[in-house]
Amino acid sequence: MTIQQVTFCSSSLSDSQSVKLCSNNSDGIRCQLLTHPRRTSILQQLPLIPPHVQSTFGTSLRKYAAASQASALTSRLASCSSTSDLEALLSSHAAAVTPMDAPALLMCAVGLLQPPETSLYLPDSSVQLLNRVSELVAGTLPQLDTSAACTLLQALGTARHAPANGLLQLLLQKLTAAAGSGGLTAVAPELLAGALWGLARLEHYEEELVGQLVGALQSKVLALSPRGIGQLVFGLSQLRHYDAPLLQQLSSSLKELSQRGALGELTDRQLTDAALGFGALAWEDEALYQGLCKQLVGREVGQVGTQELCSMSLALALANVWSPELTAALVSELPKRMAGGSGGGQARPSLEQLRWVFRYLIQGELTGQMLESGDAAAYDTLRERAVHAWDMMLEGQESSLQKNVRKALRRVMGPETRMAGQQTTPDGLFLMDMAFIDAAGTRWALQVDGPANFVANDPRRQVGMALLRNRMLQVSGYRVAVVPAVGWPSGEAAQEEVLRELLSQQGVGLPPKGDDGSRI
């Protein structure tokens, strides 16, 4: 057993956390946690459990078996209640697996083998069994239709596992071929949304394929259930894929469902996932967020999980929305839970969850929002704990790229410019990559942003967390300039030219240059 140290850096104010992942690479067994280079999106910091899939696929299997004139194998799969049952069934029926059985077989395996909420990976024994099932499924793939391929992709996403036999790539090839021939138009919208969600869970982004799946969904949004809408929004945000027409349709549909009181079928987690998905993509629609928030806090708030209350606070912070109802719920519930006195047995908020609450409360305070009612002492207690949690992650280490950009900034702005490297704002609440005062006397925070701070299909559009950071720095008295890490050149002359152009576009007052290119 080998231990691999992987550092995840969020798109927030330079916070990072180290996570140790165990993997066993012997005998072709590998527990894969696929990640974007260098950074993960905000939703990847949330607990890694499927938000829209039951703990097992038992109900889905029974429906599948009833609707598909299932074989004896599929009918028996619907009654499997343990991995031992599944292994025994495979031993006696492995040679009899048909294309009709393949989706049910993988659904059953994933439903029985899902990792616990707190785990980032499947145990080795589960990986072995899932790989065995995947081998059987892969053998039927040429005969499977596109709808079955979407179901299989969602199942793999639920397990967050790409089997060693290359089943994921085979599924992607099949979907790509279907998209090229117009085959996606015949697939039910719930299955298309599930396929996108599966890709998001596997953190596998192919812009062309995702765009084709999105295109096939454009005319089918009205046929999506509230759960399907939430699943789709979550998938798009996890993939950082921004499509304004589709998001507009999804937002309008959810608002209409909310007005009709039709969101009751969504669990607390599904409500907050939908809100977080829109917020992560920086979608602006206050009525949407208020509707989702009121649906959550309108329930028995003592029974709403700590995870969901804190997640909704982050979603509203990302959207720059303030809710008196949510604020009152946070103030009334979280201090009790921090003290271990929750009557509903709800968990204490973690440090990361308190940081989400911090973003919400501080943004409200800095933009003039006040606690309209409730216990002021409880508010102060919550705020103190949230600030403490935030302070614990503010310390950062300047990267080599940040140092490189800072040196280029010094060359562009000149030796007389007041400038500092990584530091906090005067109130000590927010971390800046570097700060300087330009020729016009304006204070600037300059941020060096990696790919996770931008949507994947538009490198100029920032995600919700980056925009939230910008707003926090702005209300702290700084204008914000951004230098994308992607495309940063290596030579000093090229660096100065790129930086000068970027700063000029963003309104920084630059020193003049002489006709020969030298500074006057």
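A residue counts as buried when its relative accessible area is under 20%. By that cut-off Glu-203, at 9% relative accessibility, is buried, and 56% of the 520 residues of the protein chain count as buried. The model described here is predicted. The protein chain holds 20 helices and ten strands. Among contacts between residues at least 6 apart in sequence, 73% join residues at least 24 apart.

**Positive phi angles**

- Most residues other than glycine have a negative phi.
- Glu-203 has a positive phi near 55° and is a residue other than glycine.
- Glu-203 sits in the loop between helix H8 (189–201) and helix H9 (207–217).
- Arg-160, also not a glycine, has a positive phi of about 50°.
- Arg-160 is placed in the loop between helix H6 (146–159) and helix H7 (167–180), and its relative accessible area of 7% makes it buried.

**Helix H20**

- H20 covers residues 492–505, which is 14 residues. From its first C-alpha to its last it reaches 20 Å, close to the 20 Å expected at 1.5 Å a residue.
- The buried residues of H20 are Gln-495, Leu-499, Arg-500, Leu-502 and Leu-503. Seen down the helix axis, the buried residues of H20 fall within an arc of 170°, so they line one face of the helix.
- Cover for the buried residues of H20 comes from elements including helix H18 (400–413), strand E7 (443–449) and strand E10 (479–484).
- On the face turned away from the buried side, H20 carries the exposed residues Ala-493 and Gln-505.

**Helix H17**

- H17 runs over residues 376–391 and has 16 residues. Its reach from first C-alpha to last is 22 Å, close to the 22 Å expected at 1.5 Å a residue.
- Ala-378, Tyr-379, Leu-382, Ala-386, Val-387, Ala-389 and Trp-390 are the buried residues of H17. They fall within an arc of 165° when H17 is seen down its axis, so they line one face of the helix.
- The buried residues of H17 are covered by elements that include H15 and helix H16 (351–366).

**Packing of H13 and H15**

- H13 and helix H15 (residues 324–338) pack at an angle of about 35°, and their axes are 9 Å apart.
- The crossing of H13 past H15 is left-handed.
- H13 contributes Cys-293, Lys-294 and Val-297 to the contact, and H15 contributes Glu-325, Leu-326 and Ala-329.

**Salt bridges**

- Side chains of opposite charge can pair when their charged atoms come close.
- The whole structure contains 15 salt bridges.
- One of the salt bridges joins the side chains of Lys-255 and Asp-285, at 2.9 Å from N to O. Lys-255 lies in helix H11 (residues 244–259), while Asp-285 lies in the loop between helix H12 (268–280) and helix H13 (286–297). The two residues are 30 residues apart, and the pair links distant parts of the chain.
- Lys-255 is partly exposed, with a relative accessible area of 23%, whereas Asp-285 counts as buried at 12% relative accessibility.
- The side chains of Glu-496 and Arg-411 also meet in a salt bridge, at 2.8 Å from N to O. Glu-496 belongs to helix H20 and Arg-411 to helix H18, so the pair ties together parts that are 85 residues apart in sequence. H18 is also among the elements that cover the buried residues of H20.
- Glu-496 counts as partly exposed, at 23% relative accessibility.
- Arg-461 and Asp-458 form a salt bridge through their side chains, at 4.0 Å from N to O. Arg-461 is partly exposed, and its relative accessible area is 34%.
- A network of salt bridges links Glu-333, Lys-336 and Arg-337.

Conventions
Residues are numbered from 1 along each chain as its sequence is written. This is a predicted model: local features need pLDDT of at least 70, side-chain atom pairs count only at pLDDT 80 or more; totals for chains, interfaces and linings use all residues. Side-chain values use heavy atoms; hydrogens and water are left out. Helices (H or I, at least four residues) and strands (E, at least two) are DSSP runs, numbered from the N terminus. The expected span of a helix is 1.5 Å times one less than its number of residues. Buried means under 20% relative accessible area, exposed over 50%, partly exposed in between (1.4 Å probe, protein chains only). The arc is that of the directions from the helix axis to the C-beta atoms. Contact means heavy atoms within 4.5 Å. Axes are lines fitted to C-alpha atoms, for helices over the stretch in contact, and angles run from 0 to 180 degrees between N-to-C directions. A crossing is left-handed if the near helix is turned anticlockwise from the far one by less than a right angle, and right-handed if clockwise.
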